[in-house]
Amino acid sequence: MGVYGLYDFSVLILVPCAAPLIQQVTASSSNECLLSWSPIPAEHHRGVLLGYRIVYTTENDALNSLNITVGVSEYRDIPVDGLRHYTNYLLKVAGFTSKGDGNYSIVEECQTLESG
């Protein structure tokens, strides 16, 4: 099934065809936001899901983004730290395979707390 000549199309690896769904974004301090999402269902992996990539940037500088890569089992209360105090950040997350990043989630906002 799926084997044709030298190719086995049943193991074709692509990027995930679904985006994670962000469940919660919470400012936990003046330099950190916590991010949680629903994992991508296995039927949408399209290969071995290697992890998730969180991309974040300040609202005023969307062209200069940073990213964090986390393992497949890590999708709850992931700290995005090293942020500036009392600043609005835009965050999104995608799953990835060896072929690259899949679709990104809807962008969510998080404003860090004032320093205190």
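Author: A polar contact is a pair of N or O atoms within 3.5 Å; within protein, one of the two must be able to donate a hydrogen and the other to accept it. The model is predicted, and the part to look at is Asn88, whose side chain makes such a contact with the side chain of Glu109 at 3.0 Å.

Asn88 belongs to strand E8, which covers residues 88–97. The relative accessible area of Asn88 is 16%. The limit for buried is under 20%, so Asn88 is buried. Apart from neighbours within four places in sequence, Asn88 is in contact with Thr57, Thr58 and Glu59, and also with Glu109, Cys110 and Gln111.

The loop between E7 and E8 holds Tyr86. Tyr86 has a phi near 45°, which is positive in a residue other than glycine. Asp77 also has a positive phi, about 50°, although Asp77 is not a glycine. Asp77 sits in the loop between strand E6 (66–70) and strand E7 (78–81). With a relative accessible area of 47%, Asp77 is partly exposed.

Leu49 and Gly95 are 46 residues apart in sequence, yet their C-alpha atoms are 6.8 Å apart in space. Leu49 itself lies in a loop, the one between strand E4 (32–38) and strand E5 (51–58). Its relative accessibility is 7%, and Leu49 therefore counts as buried.

How many salt bridges does a search of the whole structure find? The search finds one. The salt bridge joins the side chains of Asp101 and Arg53, with an N to O distance of 3.0 Å. Asp101 is in strand E9 (residues 100–101) and Arg53 is in strand E5, so the pair ties together parts that are 48 residues apart in sequence. Asp101 has a relative accessibility of 28% and counts as partly exposed.

Methods:
Residues numbered from 1 in each chain as written. Predicted model: local features only at pLDDT ≥ 70, side-chain atom pairs only at ≥ 80, totals over all residues. Heavy atoms only, no water. Helix = DSSP H or I, 4+ residues; strand = E, 2+ residues; numbered from the N terminus. Buried < 20%, exposed > 50% of the residue type's maximum accessible area, 1.4 Å probe, protein only. Contact = heavy atoms within 4.5 Å. Salt bridge = Lys/Arg side-chain N within 4 Å of Asp/Glu carboxyl O.
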